[in-house]
Amino acid sequence: MERWNPRGSASAARVPGRDVRVRVDGERCVGHGRCYEIAEEVFGEDDRGHCVVQLAEVPPELQAKARQGAANCPERAIEIDD
Amino acid sequence: MTKPVFLSPEFNADPLPRYREARRCPVAHDALTDSVVISRYADVLAALRDPETFSSEMAAVSIGQQRALIPLQVDPPRQIRFRRILDPHFSRRRMQALEPDVRALVNGLIDSFADEGRCEFNAAFAVPLPCTVFLQLMGLPQSDLPELLALKDGIIRPRAGSVEEGQALREATGARIYAYFERLLDERIRKPRDDLMTWFLGAELDGDRLSREEILDISYLFLLAGLDTVTATLGCSVAHLARNPEQRARLAQQPELWPTAVEELLRHETPVPVVVRVVARDTTFGGQDLRAGQTVMLLLGAADTDDLEFDGADEVTFERETNRHLAFGGGPHRCLGSHLARMELRVALEELHRRLPDYEIAPGEEPRWSGGIREVQHLPLVFPVAT
């Protein structure tokens with residue numbers, strides 16, 4: 001299994017499949033910042049350090065990272081629609 | 001042998017067995033203190049996220065303050081104003097900009113003992129690092145360090161014979177802390193500088209400035225919340241790695257593991273083992289009736305080692321893919337300094353293990369933990385001197 005690299009680059013090879021939609025619940029987010037530490041291509045931060053989705057439609061090659069970012073949110077503020 | 005009391009030095013040296021025991025009764029009444037102890041991950045998170053029921057207002061902790069500490073002891077919605085003002089100054093982006101200075105500071109501290117082949121890690125590194133970063137952020141001279149350390153310790157670990165004496169000492173120290181920051185504010189009003197204290201004076205939200213009292217109440221909390229916690233995390237992490245050489249060797253060889261390793265050490269060690277709340281309204285929680293006014297202890301450490309949330313919760317696993325630990329709390333009072341702490345910890349541990357990869361606890365000695373926040377007050381290390 002490929003080791004998860006939290007500071008990894010977005011150089012993943014093109015993967016077949018469809019985009020998935022990512023949403024953040026701004027009421028739940030309190031700015032832990034785990035999502036944008038892990039998947040900075042998908043999640044960004046506003047001036048308070050709260051999550052802003054950068055890439056609402058996530059292409060297949062970034063989906064693993066997006067899921068990792070969402071899974072590490074202590075507030076469960078991120079939803080991914082399949 | 002009698003059981004170690006919650007948060008005693010004996011408890012802090014080896015908390016996992018007590019956490020396991022606590023989770024068997026997830027919402028427990030502690031008769032000794034008439035408080036409620038909550039220990040399962042899901043329950044702790046739910047309580048942290050519900051300040052209307054579990055209030056963080058002044059009644060919760062008395063640490064020598066005359067007014068509620070801001071923003072910790074103010075609940076939403078009032079608290080949100082303060083977080084809106086403060087959060088941007090502690091965002092990850094802001095903290096990243098400090099990284100080169102912190103790295104230089106870390107290396108300077110390592111230089112001070114690297115040639116000796118031994119150090120007492122707490123005094124040589126874990127205490128001065130976060131304190132010096134704090135001084136720089138606040139725009140305070142390095143020469144104030146001893147005074148600030150004395151003030152902080154007078155509150156957190158008062159040297160007193162009895163509980164009453166301890167509380168009296170806390171209040172006296174509290175008055176000195178207010179006086180210290182009053183003086184500093186006056187200086188910055190006369191002569192503004194590029195520091196946090198000066199910025200507080202001009203900070204506003206929707207045209208509404210921070211009052212002088214509010215600035216004092218924020219500064220007071222920063223002094224108490226910002227120093228011991230990183231000190232404790234550094235000590236707990238290094239003590240763990242000193243006792244687990246195979247894990248330490250992996251980190252020295254694969255420094256790219258540090259970001260996840262820091263999270264895992266935060267989870268496993270949870271240096272702030274408990275946060276306190278007060279029940280704001282009669283309620284039923286986890287099948288138990290809670291009375292308004294009761295003190296609640298949220299066992300962050302027990303939550304972070306709960307096997308319903310974490311696979312192999314008692315083990316340190318750097319590859320843990322999902323790690324939603326609560327070492328920085330959660331909900332609206334999520335630690336304001338978490339991004340600063342994470343950066344300091346990663347940089348400090350990276351540099352330490354790059355420069356001193358082989359260390360162990362000095363033969364014949366044992367680390368000694370404090371009560372309360374898990375500071376490793378005595379951590380004697382030996383290591384080969386680089387040639």
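The largest cavity in this predicted model comes out at about 90 Å³. A search of the whole structure turns up 3 cavities of 30 Å³ or more. Around the largest cavity sit 17 lining residues, and those nearest its centre are A:Cys29, A:His32, A:Gly33, A:Cys35 and A:Cys73. Helix H1 of chain A (residues 34-38) supplies the largest share of that lining, with 3 residues. Sorted by class, the lining of the largest cavity splits into 10 nonpolar, 5 polar and 2 charged residues.

Next comes the second largest cavity, with a volume of about 50 Å³. Its lining is made up of B:Phe113, B:Cys119, B:Phe121, B:Val238, B:Leu352, B:His353, B:Leu356, B:Tyr359, B:Leu381 and B:Phe383. Here the class count is 9 nonpolar and 1 polar, with no charged residues.

Chain B also holds an open sheet of 5 strands, with mixed pairing and the order S1-S2-S10-S7-S3. Strands S1 (27-30) and S3 (54-55) of chain B stand at the edges; each has a single partner strand, so one side of each is left without a neighbour in the sheet. For S1(B), the antiparallel run alongside strand S2 (residues 35-38) of chain B is held together by 4 bridges.

Methods
Residues numbered from 1 in each chain as written. Chains lettered and ligands numbered in written order. Predicted model: local features only at pLDDT ≥ 70, side-chain atom pairs only at ≥ 80, totals over all residues. Heavy atoms only, no water. Pairing = 2+ DSSP bridges. Helix = DSSP H or I, 4+ residues; strand = E, 2+ residues; numbered from the N terminus. 1 Å grid on protein atoms, 1.4 Å probe; cavity = no way out; pocket = protein on both sides within 12 Å on 5 of 7 lines; lining within 4 Å. Points joined across faces, edges and corners; volume = space filled by probe spheres on them. Nonpolar A, V, L, I, M, F, W, Y, C, P; charged D, E, K, R; others polar.
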